[in-house]
Amino acid sequence: MIRLALIGNHRSEYNEYAVSRLHEACFVAIADCECERATASAKIVGASIIADSIEELLVKHANEFDAVVIRNTKNSHLVASSAADAGKHVLIESSLASSTELADEVIEKCRAANVRLMVGHSQRFLPAVATIKSVLDSGVLGAPGLLRIHHWESSDSNNRLARHRVSSEMDLAIWLFAEPPSQIYALVRGHVATAVESSDYLQVHLGFPDGGMALIDYAATLPHGAGYYSISMIGSTGATYGDDHHNMQLLYGGGEPTALKTAQGCGHLLAQLQEFVDSIVQNRDPAITGADGRLAIQVAQAIDLSISSGRAVHRNGERYELV
Amino acid sequence: MSSSNSPSFGGHHGSIFRCAVLSVVKHAYVPRGVASHRRFELAVVADDRSMPDWVHERNQEFADENNIPYVQDVEKAVRDFNVQVAIVSSEAERHCDLSVRAANAGLHIVQDKPMSTKISECDRVVDAVERNRVKFLMWNRNFLPAVIHAQETIESGAIGDPYAIHVDFYFSKDSGPPKGSGLPGDPPINWLERQIEAHADGSDGGVGREPMGELKVEGIYPLAYIRMLTGAEVQRVFARTTAHFHQANADNDVEDLATVTLEMERNILGTLCIGRIGAASHPDIGEIKIHVLGSKGGLVISEARPEVAVYYKNQAPKENRNRRLAIDNDCLLMDDFARAIDTGAETILNARAGRAICATVQAAVDSARSGQLVDVI
């Protein structure tokens, strides 16, 4: 049984559903600087140990857990490194790090400690996305040609445009095309020189070596309420469409009807967690490795370069450069 | 009824406009669309005598269907048949030449898309139309119910000021053998022959000697949506193109799939994804969506709606399962055209707008070839 410690703000992510369906693992500890939130999370997942930091956890309870699940913490790469140093397997649900250099540090720490490192790009486990990947891998769609994603959130969402959001979308594109993009052009709303983190709208245009391409627009400008997500993959012999527009129900309450978004549930978070556990139990690489996480960060950095320069960026060997 | 061939601004409202169909070699949706309006009457089909036999055959066929004469002399037909309007539906490379000749003869013009394969030709049309003070309508789909709905919603202020617009425009049609299906040593597919063959199923929008990718063949439709919904000109583009689906496109080095980043006036950003993605890739004619983001919200529009689903035993695999409803695009376009002639107003997509769209398309093609951003000139 793998004993899991949740590090950071996990409130509302894992619930009784996740707890009851997780195989060969259990939640034993919560480390969260907000006491009330930590207590609430512990109650939900059945954890008996509550601490306010990874440091406290390692000092007082080092032998009582085997792996950490890190989310939404500042300097998460430092948390991951500390955990690896202590021989704990690591699932890091936010972006692996803020730079490829820091990502390399985490990857090396985990390698040296011989612990599993999984990067949590949970979008891969969403039912719609997993279905698209499965169909693509079956070959019936032929060669992937065009990935189109529209991802809109409200301006008060917890996921305001930030590097981790960008790197998650890039991870998806790289995963579906099975290679990094060879060409990147990106724009943000307003000013060319604005950095990704301070913008609420991002548009990324990717080219892949065999002619494939992707266009992703991300916005955090919707009014308070639900967001919108649409993903389609056009292949040479078929296509798949996973679209909120198609998956709406209607509510008639007077006036024009309201569209009610159907939900994909939280099974994707459980699936990601289970994959992490299975990789530990089966002593194999997880589905999303440190190298995968690093590549997504590298592409996100290339996006920054494109935005700040107002030019397209091309991949030259293992690096991205302005042309 | 107007009896002269001079421009009839401020003409008698309600008068009938007699039309000369100057070549109709593609599927004849443009002249049929024009004729669906009670103020427009097809009078004659005309073309140059020097055209090849297949062109004459198609022209004659359309003339016979409509019980009107076919004259192998454009200028003679214009002189003899008392027409006020020219409907140009030839191969793309002849669009502008016929439009210029029609304008110089004082005819108002309805022209099929694309405007041209060359910007210089578009410039000739703009010059001829403005110099002769005739009206020009670039055929488009801006009056589809969903597009009108999008415009009304945006104009109501429901999403605030638009700052980003995205059109995903995929036609699920085949275009000959799939890419990679040929045998080693096979000669390249001849573009014109392929397009002539495609006439049978109406997918010959690229008919002509000059190969055209999807940006040139169909790009006007989504770019016209973007133009109408934002009122903004495209200033710079970044594009990627590829021949992903069809051997004919690969053999003739023209794309059947393209993505374009659009940088527009007023800092509006946009994208266009366009492709002829194959009949297997959608249950209907294709996935066509408009997404608009504004200062107060967002809008997602399916261009196909409203529609009704139809399924039955032994239904042909290529028959659309969803049928579009309440389409009045043709009549509304001709209402717009008639109003322009009557009042001197501009049409919804005039020659300058057509030229701007052509320039955007050319910039996208150039960007894809060079890998660089390209200004729209």
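**Entry 1: ground rules**

I start with exposure: buried means under 20% relative accessible area, exposed means over 50%, and partly exposed is in between, with a 1.4 Å probe and protein chains only. This is a predicted model, where local features need pLDDT of at least 70, side-chain atom pairs count only at pLDDT 80 or more, and totals for chains, interfaces and linings use all residues. I number residues from 1 along each chain as its sequence is written, chains are lettered from A and ligands numbered from 1 in the order in which they are written, and side-chain values use heavy atoms, with hydrogens and water left out.

**Entry 2: salt bridges in chain A**

I looked up Arg3(A), and at 28% relative accessibility it counts as partly exposed. Its side chain meets that of Asp66(A) in a salt bridge, 2.9 Å from N to O. For the term, I need a side-chain nitrogen of Lys or Arg within 4 Å of a carboxyl oxygen of Asp or Glu. The pair links distant parts of the chain, 63 residues apart: Arg3(A) sits in strand E1 (residues 2-8), and Asp66(A) in the loop between helix H3 (54-61) and strand E4 (67-71) of chain A. My helices (H or I, at least four residues) and strands (E, at least two) are DSSP runs, numbered from the N terminus. Asp66(A) is partly exposed too, with a relative accessible area of 22%.

Next I checked Glu108(A) and Arg111(A), whose side chains meet in a salt bridge of 2.7 Å, N to O. Both lie in helix H5 (residues 100-113) of chain A, three residues apart, about one turn of the helix. Glu108(A) is partly exposed at 37%, while Arg111(A) is exposed at 56%.

How many salt bridges does the structure hold over all chains? I wrote down 47.

Asp112(B) is in the loop between strand E5 (108-111) and helix H5 (119-132), and Lys26(B) is in the loop between strand E1 (17-24) and helix H1 (29-35) of chain B, so the pair ties together parts that are 86 residues apart in sequence. Are Asp112(B) and Lys26(B) buried or exposed? Asp112(B) is buried, and so is Lys26(B). I also noted a network in which salt bridges that share partners join Asp48(B), Glu75(B), Asp97(B) and Arg101(B).

**Entry 3: helices that pack**

Two packed helices are described by the angle between their axes and the distance between the axes. I take axes as lines fitted to C-alpha atoms, for helices over the stretch in contact, with angles from 0 to 180 degrees between N-to-C directions.

The axes of helix H4 (residues 92-104) of chain B and H5(B) come within 9 Å and cross at roughly 10°. Among the contact residues I found Cys96(B) and Val100(B) of H4(B), and Val125(B) and Ala128(B) of H5(B); contact means heavy atoms within 4.5 Å.

I then looked at Ser99(B) in helix H4. Ser99(B) counts as buried at 1% relative accessibility. Leaving out residues up to four places away in sequence, Ser99(B) touches Val88(B), Ile109(B), Gln111(B), Val125(B) and Phe136(B).

Helix H9 (residues 220-230) and helix H12 (residues 351-370) of chain B pack at about 115°, with their axes 10 Å apart. I listed Leu223(B) and Arg227(B) of H9(B), and Ala356(B) and Thr360(B) of H12(B), among the residues that make the contact.

**Entry 4: a buried Asn**

Asn59(B) lies in helix H2 (residues 53-65) of chain B. I found Asn59(B) buried, with a relative accessible area of 0%. Beyond residues up to four places away in sequence, Asn59(B) touches Ser23(B), Val24(B), Val25(B), Val45(B), Asp47(B) and Tyr70(B).

Most residues other than glycine have a negative phi, and most peptide bonds are trans. I looked for exceptions.

- A cis peptide bond joins Lys113(B) and Pro114(B), with omega about -5°; Pro114(B) is in the loop between E5 and H5 of chain B.
- The bond from Arg305(B) to Pro306(B) is cis, omega near 5°; Pro306(B) is in the loop between strand E12 (297-302) and strand E13 (307-309) of chain B.
- Asn67(B) has a positive phi of about 55°, and counts as exposed at 72% relative accessibility.
- Ala326(B) has a positive phi near 55°, and counts as exposed at 63%.
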